[in-house]
Amino acid sequence: MTENYVTINKEIWNADAANWVEFAKWRWEAEVPIWGSWGNPEADLGMLPVDMSDMDAIELGCGTGYVAAWMHKRGARVTAIDISEEQLGTAGALADERGANITFLEGNAEATGLSDGSYDFAISEYGASIWCEPEKWLREAWRLLRPSGRLVFLGNHPLSLICSPIDGSPADRVLHRPYKDMWGADWTKVEFEPTGVCFNLTTSAWMDLFAEIGFQVTKYQELYAPESEFGTRGAIPAEWARVYPVEQVWHLTKQG
Ligand SMILES: C[S@@+](CC[C@H](N)C(=O)[O-])C[C@H]1O[C@@H](n2cnc3c(N)ncnc32)[C@H](O)[C@@H]1O
């Protein structure tokens, strides 16, 4: 595993932030939430409680803040943390334009410095869920939640990593990497579209980690691209993502 991944990922997101502003505006304007690379609808996934009034919620690795905005619209008091000041610049500007009262913080989602047991609900969509070391950010999320608090997170499905060529070119139907002992991938030096260091685990390793930390799995979802989609997103072609699970969503409850 690449040791200095936090610094690497921060620099990459600062450099790439300008490319996500238009996408951010579009998602901030969404009447109902849509999720992941392929815009799967909230009606299918149920990632957010319908009524979040009187809830304290936190987004871990909030990027441009549209998930935080959706929680704010549902009535939650929202804190959103990200390591990239440039991404937070976009998030803060969009919140100010809309008068959305969200607390944006700059920091590492693996060690937020926030108080124990201060949130009812935590979420990550392609934030800490893929850019942070699983054991570190999951323990931090557990610490931040109140008893019976919920954590929902979305990231890449392990199969999409297995089928992604080592040079960074788009996924295909070949097994390019071992599944056993999967930890993620360092995309910083690949030939095609280099990015940062991302994490993922085998399904059984995720489940072992949840149990060890004290999370109960309440739902697990595997996501596909809708039939109507074409093109390639996040180095995964739609024709792959329509028939193989491209993303996964874990719904967890804090035990104890
Ligand atoms: C794909 S974006 C966030 C997703 C958000 N839903 C969006 O699209 O705007 C990934 C974010 O994770 C953030 N990130 C990466 N490593 C992080 C860390 N250790 N702590 C907090 N945020 C981190 C990046 O700065 C980036 O803004």
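Trainee: Is C132 buried or exposed?
Mentor: Buried means under 20% relative accessible area, exposed over 50%, and partly exposed in between, with a 1.4 Å probe and protein chains only. C132 has a relative accessible area of 9%, so C132 is buried. Before we go on: this is a predicted model, where local features need pLDDT of at least 70, side-chain atom pairs count only at pLDDT 80 or more, and totals for chains, interfaces and linings use all residues. Residues are numbered from 1 along each chain as its sequence is written, and side-chain values use heavy atoms, with hydrogens and water left out.

Trainee: How many disulfides does the structure hold?
Mentor: A disulfide is a pair of cysteine sulfur atoms within 2.5 Å. Here the count is 0. C132 is in none, and its nearest cysteine sulfur, that of C198, is 11 Å away.

Trainee: What describes a pair of aromatic rings?
Mentor: The distance of the centres and the angle of the planes. Rings of Phe, Tyr and Trp (its six-membered ring) pair if their centres lie within 6.5 Å; planes under 30 degrees apart are stacked, over 60 edge-to-face, and the rest tilted. The whole structure has 16 aromatic pairs. One of them, W13 with W131, is edge-to-face, at 5.6 Å centre to centre and 85° between the planes. W13 lies in helix α1 (residues 5-16) and W131 in helix α6, so the pair ties together parts 118 residues apart in sequence. Helices here are DSSP runs (H or I, at least four residues), as are strands (E, at least two), numbered from the N terminus. Both W13 and W131 are buried.

Trainee: Which residues do ring pairs link into a cluster with W13?
Mentor: W20, F23, W26, W35, Y66, W70 and W131 join W13 there.

Trainee: Where does the charged end of K254 sit?
Mentor: A charge sits over a ring if NZ of Lys or CZ of Arg is within 6 Å of the ring centre and within 35 degrees of the ring normal. K254 has its charged end over the ring of W142, 3.9 Å from the centre. Likewise, R242 lies over the face of F230, 5.1 Å from the ring centre.
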